[in-house]
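Keep the 3D view open while reading.

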Amino acid sequence: MRLLVTRPEPDATREAETLTALGHEPVRAPLLEIEFLQDVPLNLNGAQAIVITSRNALRALGTHPERDKAVELPLFAVGEATAWAARQLGFTEVTIGPGTGAGLPPIICTEVHPDHGPLLHIGAEKVAYDLKGTLEEDGFELRRVVLYRSHPVEELSEQIVEELKRGDVDGVLLLSPRTARAFARLIQRYGLVTQVKGLVCYCLSKAIAEAVVPLGVEARVPPYAREEDLIALVESAA
């Protein structure tokens with residue numbers, strides 16, 4: 001199948017290589033651009049653990065001057081891929097979440113106690129799930145440290161527009177609500193809503209699928225919010 005890969009780089013290239021190895025024809029079309037922020041203190045003093053909900057947060061942390069201190073703390077990772085990247089960075093005590101931010105608070109509440117110190121959430125300026133509000137309801141102090149921003153792209157390449165017009169694209173992989181909203185907005189801007197009716201959107205979660213409802217396309221969601229399950233869903237349709 002010919003598939004649009006919409007993740008930011010370098011994840012788009014990695015995902016495209018996986019799809020190519022499975023016999024698909026991926027077309028890289030990153031819909032978000034990542035801007036890493038400089039000179040942001042981590043505010044590690046007294047923190048009992050770090051929470052990471054994206055690999056881009058780990059990439060930003062990788063060049064941070066306080067990285068060596070940060071990796072000494074326990075880490076809660078949103079899913080398996082993020083946990084693997086965290087270990088590569090130097091974290092040794094890593095607890096793996098179910099793949100979504102909403103799935104982390106029950107695990108955190110089981111593993112640590114509010115009395116033992118604040119939690120540190122390292123991530124983006126805009127987040128898909130209000131982790132801070134949820135954990136504060138459970139008595140935790142959560143410090144948010146913003147190490148990067150993501151910017152939606154403003155246009156599609158001429159090649160991709162033409163392929164969508166001709167119906168040459170079978171599906172699109174969408175792994176975040178912001179990416180899905182950017183995709184829907186661009187399709188509407190280019191006047192392609194009618195042409196994409198036969199497109200299948202492979203969405204990592206129901207929240208992502210809801211973002212493409214205005215397009216009237218078919219949205220499919222895997223049983224678990226993990227990239228490997230999304231790709232397995234693609235394979236089941238091939």
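In what order do the strands of the open 5-stranded sheet stand, and is the pairing parallel or antiparallel? The order is 2-1-9-10-11, and the pairing is parallel. Strand 2 (25-28) and strand 11 (218-220) stand at the edges. Each has a single partner strand, so one side of each is left without a neighbour in the sheet. On average, neighbouring strands here are turned by 25° against each other, direction ignored. Bear in mind that this is a predicted model.

Look next at a pairing inside this sheet. Strand 1 (residues 2-5) and strand 9 (residues 171-174) are parallel partners, joined over 3 bridges. V5 has L173 in strand 9 as its bridge partner. Helix 10 (residues 227-237) packs on the sheet. Helix 10 touches strand 1, strand 9, strand 10 (200-203) and strand 11, and its direction makes about 150° with that of strand 10. Helix 1 (residues 11-21) lies across strand 1, strand 2 and strand 9. Its direction runs at about 170° to strand 2.

The peptide bond from E9 to P10 is cis, with omega near 5°.

Now move to strand 7 (residues 119-124). Is strand 7 mostly covered or mostly open? It is mostly covered, with 6 of its 6 residues buried. Strand 7 pairs with strand 4 (residues 49-52) in the parallel sense, over 4 bridges. Strand 7 is also joined to strand 8 (residues 142-152), by 6 bridges, and these two run parallel as well. Strands of a sheet pair through backbone hydrogen bonds, either parallel or antiparallel.

The loop between strand 3 (32-36) and strand 4 holds D39. N43 lies in the loop between strand 3 and strand 4 too. D39 is not a glycine, yet its phi is positive, about 60°. N43, also a residue other than glycine, has a positive phi near 60°. How exposed is D39? Its relative accessibility is 78%; exposed means over 50%, so D39 counts as exposed. N43 has 42% relative accessibility and therefore counts as partly exposed.

Turn now to the interior. In soluble globular proteins, nonpolar side chains tend to be buried together. The largest nonpolar core here has 43 residues. Those with the most contacts inside it are L4, L164, L174, F183 and V212. Elements that give two or more residues to this core include strand 1, helix 1, helix 7 (158-166), strand 9 and helix 10. Helix 8 (177-189) is also among them. The largest share, 6 residues, comes from helix 8. V212 gives a close-up of the packing. Leaving aside neighbours within four places in sequence, V212 is in contact with L174, A180, F183, C201, C203, V217 and A219. A second, separate core has 26 residues, including A70, A77, A85 and V94.

Last comes the annotation. The unreviewed UniProt entry places the feature "domain: Tetrapyrrole biosynthesis uroporphyrinogen III synthase" at residues 16-231. Over residues 16-231 the chain is 35% helix and 22% strand. The end C-alpha atoms of that stretch are 11 Å apart.

Technical notes: Residues numbered from 1 in each chain as written. Predicted model: local features only at pLDDT ≥ 70, side-chain atom pairs only at ≥ 80, totals over all residues. Heavy atoms only, no water. Buried < 20%, exposed > 50% of the residue type's maximum accessible area, 1.4 Å probe, protein only. Pairing = 2+ DSSP bridges. Axes fitted to C-alpha atoms, helices over the stretch in contact; angles between N-to-C directions. Contact = heavy atoms within 4.5 Å. UniProt positions renumbered as here; feature names shortened; annotations may be inferred. Core = buried A, V, L, I, M, F, W, Y, C linked by side-chain atoms within 4.5 Å.
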